[in-house]
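Thanks for sending this one over. My notes are below, point by point, for you to read with the model open.

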Amino acid sequence: MTANIQRLIALNDIVGKEYVKSETTILSDYSIEGVIPWAVVFPENTEQVSEIVCLARKENLAMVPWGSGSKMTKGNAPSRMDIVICTKRLNKIVDMDTANLTVTVQAGGKFKDIQAALASQENRCYQPFENSMQMSDQEVCFELENKGCFIPMWPPHSQTATMGGIIAANSNGPTRLLYGLLRDMLLGVQYVSPSGEIIGMGGKTVKNVSSFDICKLMIGSMGTLGILCEMTLKLLPLPERKGTFLSIFGSLAEASVFVEKILTTSLLPAAIELLNSKACEFLTLDGAELFKNNHYVVAVAMEGFEEAVDRMSSEIRQMASESGTKKNIFLQKDAQSLLWDAYSNLFARAYELYPHTVSTKLNYPISRYAEIIELVESLTSDKAVEYALLTHAGSGITTIHFLIKKDNEKTADDTVMIIKKLLNYCQEIEGNLVIEKAPYKLMPRLPIWGVPAQGLKVMKWIKQQIDPLGLFCPGRFVGDI
Amino acid sequence: MDNEKIITRLKEIVDPDYVLSSEMDLVLYGYDASLVRGKPDAVVLPDSTEEVSKIVALAHSQGIPIVARGSGTNLSGGTIPTKGGIVIHFSRMNRILEIDIPNRTVTVEPGVITLDLQSRLLKEGFVYAPDPASQKVSTLGGNLAENSGGPHCLKYGVTTNHVLGAEVVLYDGSVVWTGGKTQDQPGYDLIGLLVGCEGTLGIFTKIILKILREPEAVKTILAVYDTIEDACNTVSAIIAKGIIPATLEMMDSVVMRAVEESVHAGYPLDAAAVLIIELDGIPDGMDRQAEKILGICRTHKVREIRLAKDDTERARLWAGRKGAFGAVSRLKPSYIVCDGTVPRTKLPEVLNKVLETGKKYGVLIGNVFHAGDGNLHPLLLFDERKKDEFERVQKVASEILKICADAGGTISGEHGIGVEKLKEMSFIFSESDLETMRQVKRAFDPDGILNPGKLVPEPIKTP
């Protein structure tokens, strides 16, 4: 163990003793599927991250970056894990350039804190052309009719998620329907490579073809190619008006009719979520109708100009009644925020009540969502398996939480079988499935990363070039990368 | 294997009529829309993925470079076989394979011309959002290789934001599908790397694109200004106020005069600059947004505002903008167009410096660009037959890119690095950054046969 003690001393030298933890009580908070590091380090800036990686490289230590840990249940157990590099202290907003509609943040900053800062950012100034060649600081600024900006996404785990983790896990939310995905918002990254170097790619411009699009490579790469330290994202001005229209249906068929109606118009809702009644139990909603078996709720989020939201609300209300809705609820302001906040943090609430939950995310062609839901219904109909189901209608994504309270062999077997059948079906229709979380005893029986892509060999070539020693999150990723 | 044998082998893979090797053919495929020149050893026009795969496998086995080519509208030398080799031309692979409205995708072969796809989709009430100015001629394969932009990218994003997947031929001729019709595929975003790789990582043989419903309404505004300053300030003000129109384009008087002569779009010949501002989406609230924009224009001394009354007028306005690069040949026979892109807040400062640099070297510069993106396109006009003009212009181009880099911007927003901007890569990348690019290149193409000499600068040789 003397080697580790020497390494701990070296780490102390880089970040300071109080920021290197090796007590068992703390280490167990940083375990991944039962694998525990022997140290957790809390660097203060990118340079320290670089020094840590250089040291670890010399000593052939396997590293895992860690934000708030909300998505560490994704992926395989690491084949080795020596130190966890926690980005908690890299939490500054580096540059809030709302007049350029970009923000640069450090990876460990909480998403919700960044959004709060952006929402109150009123600086809307630009340097006029005539003054631009002089030393003058005279800018033209606008009245505060503008109400700040936002990063146009509602990521899962919004209470705890860090920007670095959101990007590393490619964790998108319901408004992907209107605003797109992380790959449509991430403009630049600064990260530490497996060789310990600080790499900068992209920047503050909304268009950039000066290199291979390394930003895209980093998204969803689960820490296997670099430790993200800083990122620049595109912003939008906060919408004038927001509202959410909830409609309860007595059957999937009727709910689908409603969804189809919306998708065939040229209306542009921010999100269309199709939920089963069990999912609604975790939301901040009241009403017995919500929780009846076989009932489905469609939540349509709308935001934008007042006139646009008004029109969407009234047309969507009309469509809901044509589709046979049992009840409509319209939410605004605080009620709407609370709902989507609960939605985002549904995982955490479910795990509290059902500690042995298996969560899975399916992706499939957009039009097949109803079939998928029907399949889940039929696979579970004769079993005592409860599940919360959430579909991003219009995106072809469904998340299912199989809610398991106790460690029960029969339930576990059933759940594994159901998931395998779902994967088969998704695969046949050119989709896939990944496990978001499962009790680690169950993981060896589950298809963690679904079916490997045809391009897996290329992914391995990339990993081999960038991290030939396999020091970043070894074994965690697809194909055991 | 000598050249004769290669040609013979190629004629066994592809219909012999489509293997070109005469002197004239080789010269014809040795230039594009840039000033870079080269000469291939053969040009092949395959008709299927299988044929492309066999061609690449053959080339790889013989260590022969491969350069893919669509319509050759490339502005940075990306389609030029600067190290010889085989040009694979995709004009025969030009089929639209499937339009899948319920899943919001269209699958095409790489040789489909962008505007042809657009016209076909409009019949279904759908659009493919990216609209590079070259769309009448350029192909989707080329658009992907360059990650092309276009005026509507301000609101909708660039090519890569609309590509879901592709069938790709790799360095050794093997074929893989990356991405697909579905979102959130687990693994690395290979399609994200391939789009914009300038043909250096793989060759597209089928492409799956995202399609969107045609917007309900469109409003096109031409704002006329007496000074470039006022036009520029309007752009900054619009973005600073948090308004994102669908397009926000600027053209100056140099370009407008050339355009009027060729296209007769109705631009005012005595104005210093115009802005083409377009809004699209659902009409509710659009009038109010337009009023806001017009208010900003008026605050910045707009001389005249024209609203396109109908599709014909709209088409005329855009014909002018899109025909701009071609039209400037009336002024001088050659141009270098810089593609520097800067944060929007830096636009006035940078444009000012660009104009100063032109004056300093006595080079005529015309500006037509995606102002809302901060993507400048100073057209440096000259006659390439006059050697001293050529040299002066190259100096100006390089200085302009340095100005953009120093302003926190980048050296290419949409035209690519190709050969043209290799030297300027050091303005924005460290050696470590470039080494990362080389790692990616080595991963995909260990033997360096895919469009060698493009995009990725050679390492600095230590003496």
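1. In this predicted model, helix H1 (residues 3-13) of chain B packs against helix H3 (residues 49-62) of chain B at about 160°, with the axes 10 Å apart. That angle makes H1(B) roughly antiparallel to H3(B) (over 145 degrees counts as roughly antiparallel, 65 to 115 as roughly perpendicular, under 35 as roughly parallel and the rest as oblique). Axes are lines fitted to C-alpha atoms, for helices over the stretch in contact, and angles run from 0 to 180 degrees between N-to-C directions. Helices (H or I, at least four residues) and strands (E, at least two) are DSSP runs, numbered from the N terminus.

2. On the H1(B) side, the contact (heavy atoms within 4.5 Å) is made by Ile6(B), Arg9(B), Leu10(B) and Ile13(B). H3(B) brings Glu51(B), Lys54(B), Ile55(B), Leu58(B) and Gln62(B).

3. A helix pair also links the chains: H15 (residues 456-466) of chain A and H15(B) pack at about 140°, their axes 8 Å apart. The two are therefore oblique to each other. Taking part are, among others, Trp461(A) and Ile462(A) from H15(A), and Val440(B) and Phe444(B) from H15(B).

4. Now the chain A sheet, which is open, has five strands in the order S5-S6-S12-S10-S11 and pairs antiparallel (strands pair if DSSP finds at least two bridges between them). Its edges are S5 (93-97) and S11 (198-202) of chain A, each pairing on one side only. S5(A) pairs with S6 (residues 102-106) of chain A over four bridges, and Asp95(A) stands opposite Thr104(A) of S6(A).

5. Which helices pack on this sheet? One is H4 (residues 111-119) of chain A, which touches S5 and S6 of chain A and makes about 35° with the direction of S5(A). Another is H15 (residues 431-444) of chain B, touching S10 (186-192) and S11 of chain A, at about 70° to S11(A).

6. For the interface as a whole, 96 residues of chain B are in contact with 84 residues of chain A. The buried area is about 7600 Å², with 58% from carbon and sulfur atoms (accessible area, 1.4 Å probe, lost on putting two parts together, summed over both). In chain B, Gln183(B), Asp184(B) and Tyr188(B) lose the most area to chain A, together 11% of what that side buries.

7. A word on conventions: residues are numbered from 1 along each chain as its sequence is written, and chains are lettered from A in the order in which they are written. Local features need pLDDT of at least 70, side-chain atom pairs count only at pLDDT 80 or more, and totals for chains, interfaces and linings use all residues, while side-chain values use heavy atoms, leaving out hydrogens and water.
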